[in-house]
Amino acid sequence: MEQPEMEMEMEQPAAVSEVLGLDHLLDQILLRLDIPVFLVLASQVNKSWRRRATDRDFLVRFRDRLASRPRPRPLGFYVSFVDALGLQHSAQDRTKFVPMSQHPKLADVMNDAFFGNFGDNLDPDEKPVVMDCRNGRVLLNQSRRDAGPYVVLGPLDPAPAPALLPPLPPHPLRNKMFWFLGDYRRDGTLCVYVGIPTQLHQPKDMVRLALLQGDNWVSNVSYVTGLSATLGFPFDQLLVGDNLYMLSSNGYIVRLDLVSMRFRVIQLPDWWTDLDADKQILSRAYNDFGINFIEIKGLHLHVWVCKSDGGNAGTWMLEADISLPAAFGDLANLIADEDGDVVDEPDDGRYELLRLLSAGDNADFVFMVDGGTHFQHIFYLDIRTRNVEEVYGRLVEDGEVFRIRHFMMT
């Protein structure tokens with residue numbers, strides 16, 4: 001009678017492993033994690049669990065289930081600096097990872113994480129830049145050269161180590177380059193490179209698309225008539241599925257379909273007239289259909305969502321109109337003017353100094369920085385709760401805040 005019992009005990013781990021190895025069953029288990037923190041912890045189990053926990057389609061379903069609950073905040077952010085002359089700062093301080101306060105259960109995970117080596121043992125010419133962060137991964141250019149080398153880092157992996165990407169095949173085409181991480185798409189794309197023509201580059205209207213699938217780049221060049229003249233210069237860009245959205249210097253959004261290599265123009269809300277690259281930013285929707293347009297206008301932060309981008313006009317709806325004085329409260333006293341002094345003027349002058357640096361998916365949050373020349377503050381605004389907190393401060397003489405890439409598991 002004991003033998004069958006022993007066999008059953010031996011078969012049980014194999015049966016559990018088989019069940020947990022099925023994506024659809026694993027999805028059902030992970031969907032029942034009612035606290036976002038637990039999803040980060042579950043991703044630590046093994047590569048299979050991590051792949052499912054960061055799958056784009058799964059994350060849409062997971063967020064839908066938690067729609068009525070507070071959304072997860074970033075685990076932290078990468079901030080890059082420039083010196084007073086507008087040049088990239090020293091290798092020791094060019095890019096820094098700043099952790100944000102988290103649920104206590106994440107303390108051990110964050111302590112064990114490796115968010116990159118940006119200061120120690122670097123050659124003076126090797127100055128890493130964070131190109132993209134998505135689904136718990138980071139795309140780094142390890143030098144200031146366009147050719148890289150590029151690496152992908154999973155800071156929360158059980159044994160994090162940068163994975164060196166194969167070099168992009170050389171091509172004579174010179175244009176504006178965008179690098180993005182893939183979304184665990186069905187074709188297995190790990191990284192996406194898009195070379196976009198602008199009016200500053202020759203030849204015009206030639207777009208280069210390269211997809212890293214496995215260890216090989218799949219690359220092609222297409223002629224897109226009229227793109228460079230229509231686009232002008234792209235101030236902000238966003239990859240959503242197979243579509244590249246770019247905020248044009250000409251005052252609208254250009255959507256380039258990377259499959260058909262056709263583009264469409266999306267007009268911004270009718271009342272919008274002034275172009276200010278420091279005060280407008282794009283954010284993608286959860287369901288990969290539509291985008292958000294966020295701007296600081298006077299004393300308000302507006303969040304618009306484009307529900308449809310068919311034809312040459314987008315259908316915009318105002319999702320949020322946030323009073324900045326109400327959101328900042330007493331923190332408004334930290335906002336410094338262009339001379340580095342605390343603003344004692346009316347609120348209009350105070351909030352005109354803020355710059356938008358990063359926005360979460362579905363406009364969950366934004367990062368902003370003030371205009372101080374002696375000391376700068378980085379602020380985090382939760383769109384849903386409309387609360388602001390200061391998350392970083394720095395002397396400008398040590399480097400002016402240039403760019404932020406927020407890091408999230410989801």
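**Figure 1. Pairing of strands β8 and β9 in the predicted model.** Strand β8 (residues 189-196) and strand β9 (residues 206-213) run antiparallel and are joined by six bridges. Within this pairing, Tyr193 stands opposite Ala210 of β9.

**Figure 2. The open sheet that holds β8 and β9.** Four strands make up this sheet, in the order β7-β8-β9-β10, and their pairing is antiparallel. The edges are formed by β7 (176-181) and β10 (216-223), each of which pairs on one side only. From one strand to the next, the twist averages 15 degrees.

**Figure 3. The ring pair Phe178 and Phe180.** The structure holds 16 aromatic pairs. In the pair shown here, the ring centres of Phe178 and Phe180 are 6.4 Å apart. Their planes lie at 55 degrees, so the pair is tilted; an angle over 60 would count as edge-to-face. Both Phe178 and Phe180 are buried.

Figure 4. Over the ring of Tyr380 sits the charged end of Arg73, 5.3 Å from the ring centre.

**Figure 5. Arg394 over the ring of Phe81.** The charged end of Arg394 is placed 3.6 Å from the centre of the Phe81 ring.

**Figure 6. Confidence in the model and the stretch 5-12.** Mean pLDDT for the protein is 77, with 74% of residues at 70 or more. Residues 5-12 have pLDDT below 50, and this stretch has zero contacts in the model beyond near neighbours in sequence.

Notes:
Residues are numbered from 1 along each chain as its sequence is written. This is a predicted model: local features need pLDDT of at least 70, side-chain atom pairs count only at pLDDT 80 or more; totals for chains, interfaces and linings use all residues. Side-chain values use heavy atoms; hydrogens and water are left out. pLDDT is the predictor's confidence in each residue, from 0 to 100. Contact means heavy atoms within 4.5 Å. Two strands pair if DSSP finds at least two bridges between them. Helices (H or I, at least four residues) and strands (E, at least two) are DSSP runs, numbered from the N terminus. Axes are lines fitted to C-alpha atoms, for helices over the stretch in contact, and angles run from 0 to 180 degrees between N-to-C directions. Rings of Phe, Tyr and Trp (its six-membered ring) pair if their centres lie within 6.5 Å; planes under 30 degrees apart count as stacked, over 60 as edge-to-face and the rest as tilted. Buried means under 20% relative accessible area, exposed over 50%, partly exposed in between (1.4 Å probe, protein chains only). A charge sits over a ring if NZ of Lys or CZ of Arg is within 6 Å of the ring centre and within 35 degrees of the ring normal.
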